[in-house]
Amino acid sequence: MEYKTNVMRIIEQHKGHYEAHAYDAASALSGTEVAAVLHQNPAQVFKTLVTVGKSKKNYVFMVPVAAELDLKKAASAVGEKSVEMLKSKELLPLTGYIHGGCSPIGMKKFFTTTIDETAADFQTIIFSAGKIGYQVEMSLNDLQKVIPFNLAPLTL
């Protein structure tokens with residue numbers, strides 16, 4: 001792959017290993033479509049969701065593309081009374097990413113990140129490389145070199 005996203009550069013700066021995947025952005029809109037286009041198990045492909053807690057703090061959650069974030073479990077995982085999804089229009093100014101191209105790596109500032117515990121079932125997980133049409137695949141050990149995160153049950 002000739003194109004490198006900022007996410008890929010950041011992973012390399014932290015001496016992390018990843019495999020890049022590219023797809024035609026017009027052919028896949030949802031996470032499950034991305035998994036299908038890449039011929040990957042949808043349970044191994046994760047979407048990055050940004051939320052806001054009752055305390056007004058922001059949190060990042062990663063769940064399998066075919067799953068839905070359980071807001072009660074998410075709130076519990078970060079010690080909040082409640083969390084709700086960030087409004088789409090607030091995503092770019094807060095994170096620097098647009099809907100569909102949001103990665104837990106390389107946001108304007110770091111937010112507490114929690115990944116669904118099912119990620120531990122796989123040697124690698126696949127998630128957005130910060131630009132629609134690009135994904136990175138890496139182990140949780142390599143991801144931990146780049147950003148701190150916790151694992152918790154997060155899905156319905």
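**Notes on a predicted model: pocket, sheet and strands**

1. The largest pocket draws the largest share of its lining, five residues, from strand 2. A pocket here is an open set of points on a 1 Å grid over the protein atoms alone, where a 1.4 Å probe fits, with protein on both sides within 12 Å along at least five of seven lines; lining residues have an atom within 4 Å of a point. Strands (E, at least two residues) and helices (H or I, at least four) are DSSP runs, numbered from the N terminus.

2. Please keep in mind that this is a predicted model, in which local features need pLDDT of at least 70 and side-chain atom pairs count only at pLDDT 80 or more, while totals for chains, interfaces and linings use all residues. Residues are numbered from 1 along each chain as its sequence is written, and side-chain values use heavy atoms, with hydrogens and water left out.

3. Back to the pocket: 29 residues line the largest one, and those nearest its centre are Lys47, Thr48, Leu49, His99 and Gly100. Helix 2 (31-37), strand 2 (46-53) and helix 4 (88-95) are the elements that give two or more residues to this lining.

4. Three strands make up an open sheet in the order 1-7-6, with antiparallel pairing. Its edges are strand 1 and strand 6 (125-128), each with a single partner strand, so one side of each has no neighbour in the sheet. Strand 1 and strand 7 (residues 134-138) run antiparallel and are joined by four bridges; two strands pair if DSSP finds at least two bridges between them.

5. What is the bridge partner of His21 in strand 7? The partner is Gln135. His21 itself belongs to strand 1 (residues 19-22). With a relative accessible area of 11%, His21 is buried (buried means under 20%, exposed over 50%, partly exposed in between, using a 1.4 Å probe and protein chains only). The side chain of His21 also makes a polar contact of 2.6 Å with the side chain of Glu137 (a pair of N or O atoms within 3.5 Å, one able to donate a hydrogen and the other to accept it; residues adjacent in sequence count only if both atoms are side-chain atoms).

6. Is His17 buried or exposed? His17 counts as exposed, at 57% relative accessibility, and sits in the loop between helix 1 (6-13) and strand 1. His17 and Lys145 are 128 residues apart in sequence, yet 9.7 Å separates them in space, C-alpha to C-alpha.

7. Strand 5 (residues 112-116) is mostly covered, with four of its five residues buried. Four bridges pair strand 5 with strand 3 (residues 58-64) in the parallel sense, and Met62 has Ile115 of strand 5 as its bridge partner. Strand 5 also runs parallel to strand 8 (residues 150-152), joined to it by three bridges. There, Ile115 stands opposite Leu151 of strand 8.

8. Most residues other than glycine have a negative phi. Lys15, however, has a positive phi near 60°; Lys15 lies in the loop between helix 1 and strand 1 and is exposed, with a relative accessible area of 64%. The phi of Lys56 is also positive, near 75°. Lys56 is in the loop between strand 2 and strand 3, and its relative accessible area of 66% makes it exposed.
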